[in-house]
Amino acid sequence: KVPGIDKEKLKREVGARVHFIPPEEVEPTKYLKDQLREWEKRMNYGQEIAISARKNVATIQEEIDDMIPIHQYGIKESADTLARAGIYALQKEKESGLDRPLFIDPENIFPENGYASHPAELKELIMKSRERMTERLWKDGQPTKEGASLGVYNKKEAEKAAEDHIKVTFDIGHLNTWKKYFKGSDQEFKKWMMEQVDTLNKEKMIGHVHISDNFGYYDEHVDPGEGNVPIPEFVKKMQTMNLPNSIFVD
């Protein structure tokens, strides 16, 4: 509104440097305030989009964390359950003043019964369970409250407690039912069975054995010697493994 000013010339001269020249004659302060409000709206809108985006990212990450293989989830939950059971066994052992470790011992079942029926899977489950029990007794370089209350004072003692209190019941008859899926000769199958026994014994996992006979397809529980379970070989191997005297047989 200043008289004597060529407005168009002014716009040409300053337009390249200043971005708030109004398109028509208005109150400059009002115009700038309107522009400020408009930019504030845009900034707020951008912030809302950013917040919404962060929420979406968090939701997607939660879904990714939840979408893990069932094997990975199942073994984690099972290992924690067995670890807590192992600690309970340790507690009861101390309360009762037992001379030998009181252990929990999940059993190898049939091939059709899912995970841990195979010796390699059973070994994995027991190893994870022992690791989890050790963590519950000893973590971050010091004993946990649970570990200290049970008299476990260092990591080595925690690992020994886990080894002593989480074992397996090994059923040689159940292992023989894998025969129907084995591709190889009878001798090769027997060799494979004994290798599984060696693997579990190496980790001091077998704490209880079941001995029965069958023909490799079903768990008939026929009298020893009537089927084709390599019972003599199994018994001999167990006798020569120099194992602790805490193994029970039925």
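This is a predicted model: local features need pLDDT of at least 70, side-chain atom pairs count only at pLDDT 80 or more; totals for chains, interfaces and linings use all residues.
Show the side chains next. Across the whole structure, a search finds 5 aromatic pairs. One of them is formed by Phe189 and Trp192, a stacked pair with ring centres 5.7 Å apart and 20 degrees between the planes.

Is Thr177 buried or exposed? With a relative accessible area of 1%, Thr177 is buried. A polar atom of the Thr177 side chain lies 2.5 Å from the backbone oxygen of His174. Leaving aside residues up to four places away in sequence, display what Thr177 touches: Phe110, Pro111, Asn214, Gly216, Tyr217, Tyr218 and Asp219.

Move on to strand β3 (residues 168-171), which runs parallel to β4 and is joined to it by 4 bridges. Within this pairing, select Phe170 and look across to β4, where Val209 stands opposite. Then select the whole of strand β4 (residues 206-210): 5 of its 5 residues are buried, so the strand is largely enclosed by the rest of the structure.

For a last stop, select Trp39 and Arg42. The charged end of Arg42 sits over the Trp39 ring, 4.6 Å from the ring centre.

Key: Residues are numbered from 1 along each chain as its sequence is written. Side-chain values use heavy atoms; hydrogens and water are left out. Buried means under 20% relative accessible area, exposed over 50%, partly exposed in between (1.4 Å probe, protein chains only). Helices (H or I, at least four residues) and strands (E, at least two) are DSSP runs, numbered from the N terminus. Two strands pair if DSSP finds at least two bridges between them. Rings of Phe, Tyr and Trp (its six-membered ring) pair if their centres lie within 6.5 Å; planes under 30 degrees apart count as stacked, over 60 as edge-to-face and the rest as tilted. A charge sits over a ring if NZ of Lys or CZ of Arg is within 6 Å of the ring centre and within 35 degrees of the ring normal. A polar contact is a pair of N or O atoms within 3.5 Å; within protein, one must be able to donate a hydrogen and the other to accept it, and residues adjacent in sequence count only if both atoms are side-chain atoms. Contact means heavy atoms within 4.5 Å.
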